[in-house]
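I opened this entry to keep track of what I looked up in the model, and in which order. The structure comes first, and my notes follow.

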Amino acid sequence: MTEADVAVVGVGVLGAATSFALASQGLDVVALEQFGVGHTRGSSHGTSRIFRLVYDDARFVRLAREALVLWREVEEGVSETLIEHTGSLDIGGDLTAHRAALRAEGVEFESPSADELRRRFPLLRLPDRELLFQEDGGIVHAGRALRTLLRLAQKRGLRLLENTRVETITTDGAGVTIQAGPAVIRAGALVVTAGAWAAPLLARLGVELAVQPTRETVAYFRLDPGQRVPTVYDHATPTAAEHSLPRGGRGAYALPAPGVGLKVGLHQTGGPADPEEEGRPDPEAVRTAAAWAASRYELADPSPVSAE
Ligand SMILES: Cc1cc2nc3c(=O)[nH]c(=O)nc-3n(C[C@H](O)[C@H](O)[C@H](O)COP(=O)(O)OP(=O)(O)OC[C@H]3O[C@@H](n4cnc5c(N)ncnc54)[C@H](O)[C@@H]3O)c2cc1C
């Protein structure tokens, strides 16, 4: 039997960050991952994610600022860039609440004209709508961040068990017992960071999590090296009337995908999904993402190079 202070179940970026934080406090941590770390079945793999300070709620702005300080601390320890500041561009929609939240937290932002922005980012095609540019926004190097957090946690004593699927968890007054194949882990505390798999796992502990996993599609487009683009969140398009995806969605987003080009997605348009099934990109989502990308960028090649 393996014994630990804390067991972390699921090693996507949240499990890796949790393991790093706990191990940094001197706790003895065991983390269990059902696949190999960096696998493509969860949410944390790949080139990049948007990092932004722009939210419509001051609490999230504050959290994002605090997170940026912590990311910088991690970067300093490893001399690696995990967050790259491209700037973030929000295309309204109504951005009144976003502006208020930024002002409440003392975060500087600009409200440039489309012409001003095009001078900085010639590839952008901008509509005649409200624009908000914030210079601290950018991308997290997703796969690199996951690996870095884990490496740092392992240096602090984390024991990582890959290809180890947790099947049962039982609790008693003194802690938890975890069964994962032939492995049995006894820990004083448990953190479940199992992403889309969390609800059935927690249900066995009597914890009801009212969540429904969905399968979201993203498409990638080629960008010539050296072409600068900010991260973009287009709040108003495409509308539900402009596509036939499972859910209406909440706008479109795009971000640099280092080594690939531009990553484009339609926020919250995917249908309900079972994480046990591998799934495929939705061709209609790829088509809609390509149409949006062609309307917002001067792309040399408007056909996606890949999708996932
Ligand atoms: C298409 C898409 C685009 C996104 N874009 C952005 C963005 O631009 N900016 C942003 O901030 N966020 C973005 N996100 C969200 C972000 O990627 C996720 O919030 C984050 O990756 C979630 O990490 P996680 O560790 O909770 O989940 P996951 O990465 O899914 O990790 C959960 C892990 O638990 C493991 N697991 C599950 N059950 C068990 C078990 N029984 N035993 C052992 N292991 C188990 C799984 O295998 C998995 O590795 C995006 C998400 C998606 C899907």
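I take helices (H or I, at least four residues) and strands (E, at least two) as DSSP runs, numbered from the N terminus. The model is a predicted one, in which local features need pLDDT of at least 70 and side-chain atom pairs count only at pLDDT 80 or more, whereas totals for chains, interfaces and linings use all residues. Residues are numbered from 1 along each chain as its sequence is written, and side-chain values use heavy atoms, with hydrogens and water left out.

Backbone entries.
I then noted asparagine 163, which is not a glycine and yet has a positive phi of about 50°; its place is in the loop between strand E8 (159-161) and strand E9 (168-172).

Domain entries.
Which residue ranges make up the two domains of the protein chain? The assignment, automatic or from a database, gives 2-46 + 144-203 for domain 1 and 67-139 + 214-307 for domain 2. To their contact (heavy atoms within 4.5 Å), domain 1 brings 11 residues and domain 2 brings 10 residues. I recorded that their C-alpha centres lie 30 Å apart. The two domains bury about 990 Å² between them, 57% of it on carbon and sulfur atoms; buried area here is the accessible area (1.4 Å probe) that two parts lose on being put together, summed over both.

For salt bridges I used the rule of a side-chain nitrogen of Lys or Arg within 4 Å of a carboxyl oxygen of Asp or Glu, and across this interface the rule finds two. Helix H5 (residues 142-155) gives the most to the side of domain 1 that touches domain 2, with six residues. I also looked up the side chains of glutamate 276 and arginine 165, which meet in a salt bridge at 2.9 Å, N to O.

Ligand entries.
Which of the 27 residues around the ligand come nearest? They are Glu33, Gln34, His39, Ser44 and Ile50, where a residue counts as near if one of its heavy atoms lies within 4 Å. I noted a ligand oxygen atom 3.1 Å from a polar backbone atom of leucine 14, and a ligand oxygen atom 3.0 Å from a polar backbone atom of serine 43. For arginine 49, a polar side-chain atom lies 2.9 Å from an oxygen atom of the ligand.

Technical notes. A polar contact is a pair of N or O atoms within 3.5 Å; within protein, one must be able to donate a hydrogen and the other to accept it, and residues adjacent in sequence count only if both atoms are side-chain atoms.
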